[in-house]
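I set out to record what I looked up in this structure, entry by entry. I begin with the ligand and then turn to the helices and the loops.

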Amino acid sequence: MADLLAERFLFRHISTGDILREEIRENSCRGQQAKQHMNQGELVPDELVVSIVSHRLRDPSLQRQGVVLDGFPRTLPQAVMLDKELTESNLVLNRVVLFEAGREVLIQRLTGRRVCNRCGALYNIVFSPPQSDGVCDRCGGALMQRQDDNLATVQERLLVYEQQTAPLINFYKQRNLLVCVQTEQSKEDILLSLIRHLGIE
Ligand code: AMP
């Protein structure tokens, strides 16, 4: 959804998960620090993620362009640090989106997710399978499963979400920034509902 939104409204898209996976591929110092946590379904330390985001938020062109933060913040300390960074970068947080789905659907979406190792296109073996097994429709690349999308790690990620990320719901509700989007509908309908909730049609 972040990708689709950014593409449609030409927002910058900052996905902390994508950046961390890139750092792991490059075997950078940050990547080495993050890898173990990610493979076990834990969050990576706040300071590491905040340094990734704050550096990118300091780009002055974002004030014109706008930005979608994807997968960030995921803890209360990150949310507090985000406030500080936004003020320093002269940016305002307009909305925070909570995508809602039942536990079983989430498990199917995560464990069934496949990613093209060449172009990054996303599939799901249940909900949106490729035309031929294991092959990307768009570029013919091989489809892979993320290391943290196996069932055991997904269950851990859902637990971590409840403990560390769910408290953000009230944090942003109290500030009147939260919008909830029901995601047990088609991709197109989720996007339309998201755009309506954001009031950016
Ligand atoms: P995602 O691609 O958003 O599903 O994130 C994959 C993994 O990257 C998460 O399970 C965490 O281990 C790590 N990660 C991504 N974003 C954050 C964040 N904001 N705070 C801590 N860890 C994160």
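Entry 1, on terms. Before listing contacts, I note that a polar contact is a pair of N or O atoms within 3.5 Å. I also note that the model I am reading is a predicted one.

I then looked at Thr 16, where an N or O atom of the side chain is 2.8 Å from a nitrogen atom of the ligand. For Gln 78 I recorded a distance of 2.8 Å between an N or O atom of its side chain and a nitrogen atom of the ligand. How much of the ligand's accessible area does the protein cover? On its own the ligand has 480 Å² of accessible area, and the protein covers 94% of that.

I found 16 residues surrounding the ligand. The closest of these are Thr 16, Arg 21, Glu 42, Gly 71 and Gln 78. Which helix gives the largest share of the shell? I found that helix H2, residues 16-25, supplies that share with 4 residues.

I next followed H2 to helix H3, which spans residues 29-39. Their axes come within 8 Å and cross at roughly 115°, so I describe H2 as roughly perpendicular to H3. H2 passes H3 in a left-handed crossing. For a second pair I took helix H7, residues 103-111, and helix H8, residues 151-165. The axes of H7 and H8 come within 10 Å and cross at roughly 130°, which means that H7 is oblique to H8. I recorded the crossing of H7 and H8 as right-handed.

I checked the peptide bond between Phe 72 and Pro 73 and found it to be cis, with omega about 0°. Pro 73 belongs to the loop between strand S2 (67-70) and helix H6 (76-88). I also looked up Leu 10, a residue other than glycine whose phi is positive, near 55°. I located Leu 10 in the loop that lies between helix H1 (2-9) and strand S1 (12-15).

Notes: Residues are numbered from 1 along each chain as its sequence is written. This is a predicted model: local features need pLDDT of at least 70, side-chain atom pairs count only at pLDDT 80 or more; totals for chains, interfaces and linings use all residues. Side-chain values use heavy atoms; hydrogens and water are left out. A residue is near a molecule or strand if one of its heavy atoms lies within 4 Å of it. A polar contact is a pair of N or O atoms within 3.5 Å; within protein, one must be able to donate a hydrogen and the other to accept it, and residues adjacent in sequence count only if both atoms are side-chain atoms. Accessible areas come from the Shrake-Rupley method with a 1.4 Å probe; for residues, only the protein chains shown count as cover. Helices (H or I, at least four residues) and strands (E, at least two) are DSSP runs, numbered from the N terminus. Axes are lines fitted to C-alpha atoms, for helices over the stretch in contact, and angles run from 0 to 180 degrees between N-to-C directions. Angles under 35 degrees count as roughly parallel, over 145 as roughly antiparallel, 65 to 115 as roughly perpendicular and the rest as oblique. A crossing is left-handed if the near helix is turned anticlockwise from the far one by less than a right angle, and right-handed if clockwise.
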